[in-house]
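Morning, everyone. Let's get the structure up on the screen. Then I'll walk through a sheet and some helices.

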Amino acid sequence: MTLDHHEVHGYSPPPYTDYDADQGQDRFRHSVSSTNSPKQSFSPLQRPSPKQSSTINLTMLPHQDPSNPFAFTPHQLTALVDRKDLDFLAQIGGVEGVAQGLHSSLTQGISSQEANLPPITLHDLETAALDDVKAESYTFIDEKQPPVPGTDSATSLDIEPFLQRRRVFGSNILPTMEVKSIFYLMWLSFQDRTLILLTVSAIISLTVGIYEDVTTVEYDAAGNRIPGVKWVEGVAIIVAVLLVVVVGSVNDNQKEKQFRSLNAKKDDRHVSAIRSGQQCVISVHDIQVGDILSLTPGDIVAADGIFVQGYNLKCDESAATGESDAVKKIRWQDCMTLQWISEHRHDLASNEDSSSLVEASNDPEKRLHSVSDDFPNDNDSYSESHRPDPFLISGSKVLEGICTYLVTSVGVNSFNGRTLMALRTNDDTTPLQEKLDVLASSIAKLGLGAAGFLFVALLVRCIIGYMTASLSVLPADIVSQIMRILITTVTVVVVAVPEGLPLAVTLALAYATQRMLRDNNLVRILTACETMGNATTICSDKTGTLTQNKMSVVAGTFGSSFRFLRDPPAARTDLVELSQIRHKIPLPVRNFVNQAIAINSTAFRNKTSDGDVTLVGNKTEIAMLNFAKDALASEPFELLRTFWQVEQVFPFSSKRKAMGTVIRIPVLDQYTKRERIVYRVHIKGASEFLLSRSTRILSIHGESYDKFHGVEEGNIYDIETRTMTEANRGRMAKIIQSYATRCLRTLAVCYKDFDTWSSHHKLEDVLAAGGLTLLGIVGIEDPLRPGVKEAVAACQSAGVCVRMVTGDNMLTAKSIARQCGIYSYGALALDGPTFRQLPDAERLRILPHLRVLARSSPEDKRELVNALRATGEIVAVTGDGTNDGPALKAADVGFSMGVAGTEVAKEASSIILMDDNFSSIVRAISWGRCVNDSVKKFLQFQLTVNITAVMLTIVSAVASDEQKSILTAVQLLWVNLIMDTFAALALATDPPTPDLLERKPEPRTVPLIDCRMWKMILGQTFYQIGIILTLLYTNVLHLEHDEATLQTVVFTAFVFCQIFNEVNCRRIDNRFNVVKGIKKNHFFILIFVVSVCGQILIVECGGAAFQTVPLNSSHWMLSIAIGLMSIPIGAIIRMIPDEVFASPFFSSRK
């Protein structure tokens, strides 16, 4: 075939590609220039000439693996799809060459009995592509072709099918993730530095306690033998450690089980494939590289691959790329043609007759023109992001159309598999863990220092006693004396160690996570709860997180005056709320619009394998159908479609910018009173274009609507229209412009009636003739989730910076960010490629002002998170798609959507939002800060007890002739029980309060104990030490000769100081109301009562075991009064300015 030569402005028109079915090949036929033409013809499918380069792409070199009979390695096929490398695809002969290299056929698929496949190389494919010749056994169109080489069933009966394929490319199953046993989780819990310190202390205390009980017999003041229970302290610490380990690991195990249950899907689903030329259904786990799979609307792509053939295929890749627009998939030859058009679009645009030039040619040449319809006419639409491609990625969803495609990657080599595998990494330590580790080390050093000081002091005292002959110098007595000194110093170490701290943290986290589940937050990783409390920034995905990932009609106009809007301002009385449309619009108009929406749509209802019913199809059409159902009270669209016979359907084309459906409507002629047929063409499409083709417009205030009283008195589809005036046209144009400025997708709904209709009619002819009647204009967008604005505002008031990170375009991203309150005047918005190319110094400079990152890839999101963390930020990331996985994993806390989230997103996250609501993050922040405050409350309480007990032990041991502490081991055990288990439970179960969100988050560098806490700790310590030493050494109680009663009073006063200080520690700020909200914490009230009753029982009934004697009422009142004074003392301490303690030793909270 030879075409006439056309020379237009110095270049030749693009040649065409003719798919020759008889030969089963793509033959490249180039237009022939006249011999005197100096111009060179170009081919959109011509193999690109190699470019001079100093580097070689090693990825696409032939492999040298003798055990691989295929032309490709898994890495090469992965790179082909990842890069969307059309040039390499064309170089090896397109999808046909890939099939040949995989020993497959585009029509026959792979053989079910293949074995001993002969080797083939990339060089073979390139040679075949250059020679434009395919081997006879790889003729892909001839249905009667011979079997694929190497698939002789006679030689493969004893060989496992697809063995060679699985060895090279793997199977479509990810390696099983090792499930951590409860014992392994216990071992991991035990790795905490504080628990290790406690264990060492417990072993020392238990050893010394057993030694002392065996070697020493003690008697009380009444001559009764004191039971040897000094080993109890060591056992108590071991029990505390075991309690922490068990509670923490069991909680982690339960959370993991809940996550697995939430994420449970049917492990196996089935897909349609072609094998040995036969259509069959196979498990997704049995998919092999080289398989030919079929896709229909609603399917999830199970493996990466290349489009073979199909019709109007559009995929939703938002879960993988973040791009909300559907991506069209077409044949690779057509993609090459589009690439050529894109490169020469300016030359084509300069030629007024370019379209006719192509259309004037024969049928094969017209294909180039039809392919060019995949691009709208505006230049911006030639961008890479909107260009159709032939590559299908696993995890994407088919929105509309059908196709078959060739599988190129499965399992760990597929896009979805690689993303899942990349998430299987170890978690970093949290800010609280880091601070607790530092605190544990500091306490250990101070405890050892105090013990060392006491050891030296007691040793010096002994030496002086030996020198003055006041102590026996017998060797046995000296050894006994030194052992008593060692035992006392060990007691100091044990008292100094905060054995209740890990338990307090674990209980606080466990309680918070259980309560958070009620707030729709499933905490997978326990420590993520406290980390969220100090989050300084949230990087949120747009699609599916801030928005619903469901296109919806949010604004519109019927006729020229009936305007509606979702959540209109109260001042705009002319705007109708969506839910009120059905009540304010005339019934015939409502019925007519419902007819237009239901009939002129290809979307359908589909029932998934889980039993859920969803709408499948174009997102815009689904939005219109939902609008008709929710706002216009439409009957089910399936029912409406049965009312009228469809004559013809014109699918949407970007060239004509519209779609149409012709229906046959019988009507009663008003004059002849006979039934006649009207052919109604319902049209929807680009607003500006259809407005320009409309000559009439719907009338909302017609007189017939007022007279209409029911079906019996009139046609329920009779509407009134009027002539479209220039004023109407200008008004509608302004409405369209106002919607466009809000980044809404506008859609016009029109119709035109015909008396006759022929199947030869085209929609283009209808549009060209004009005379349409405009029913209305609607504005469509992916709306915000309910409560997002309020949630973002709450985060910002809590000092948490919210950033939007999305794969969508800049205009849409900015629009949604403004609606959320994320993007405002003075903020910065960048796209992913720009951010990626910024130098490190410049990137750090703009980070504080960056609020929107659009057109971002998964790697851009991860880099942003890492950059923020490098500056000391505590970063939370929200997302629902596969593309959010790397960023979710890199963040300190990752939030995924429990309903709409992909498996990848859930696997990467540490907290799952069960209701998919961004507002739940605010509650997570509240609970996180509540956990941090609970730990600080407990620290403030326990350090007061520890410092007081250590000081009392040192002072009483130095002052005692027998170098013994005033508090016995059993008494210390009871004190530890109060300040460990009871106090931890009481202070860890305070619910969050609204004022938690009124303060700023704490950076990583802020110490765990701030100056306000130190102020309270030291103030209460001085009070307690002062009062106890006064009682002990001043004889103020006149009990000089009643040592047992004095010791009991001191012990009781000390315990009540702790019980009432527990109330005082419910606040860690300078506010005075320490009992605020105490009625809501039933645990606290119960523990307070149990502690008081337990102390009464121990004193009155403890006897020799606790070395106590019963007290009279005056001593009881005195002990309670001393303890109660802790609360007013605390109020006085709170009035001391924080600056007094703001020294290098006590850092102030910023």
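In what order do the eight strands of the open sheet run? The order is 12-31-30-29-13-26-28-27, with mixed pairing. Strands pair here if DSSP finds at least two bridges between them. Helices (H or I, at least four residues) and strands (E, at least two) are DSSP runs, numbered from the N terminus.

A word on the source. This is a predicted model, where local features need pLDDT of at least 70, side-chain atom pairs count only at pLDDT 80 or more, and totals for chains, interfaces and linings use all residues. Residues are numbered from 1 along each chain as its sequence is written, and side-chain values use heavy atoms, leaving out hydrogens and water.

Strand 12 runs antiparallel to strand 31 (residues 911-913), joined by three bridges. Leu522 has Ile912 of strand 31 as its bridge partner.

Now a helix on the sheet. Helix 32 (residues 858-870) lies across strands 13, 26, 28 and 29. Its angle to strand 29 (875-879) is about 160°. Axes are lines fitted to C-alpha atoms, for helices over the stretch in contact (heavy atoms within 4.5 Å). Angles run from 0 to 180 degrees between N-to-C directions.

Last, a helix pair. The axes of helix 38 (residues 1043-1064) and helix 39 (residues 1082-1101) come within 11 Å and cross at roughly 180°. That makes the two helices roughly antiparallel, a label for angles over 145 degrees, with under 35 roughly parallel, 65 to 115 roughly perpendicular and the rest oblique.
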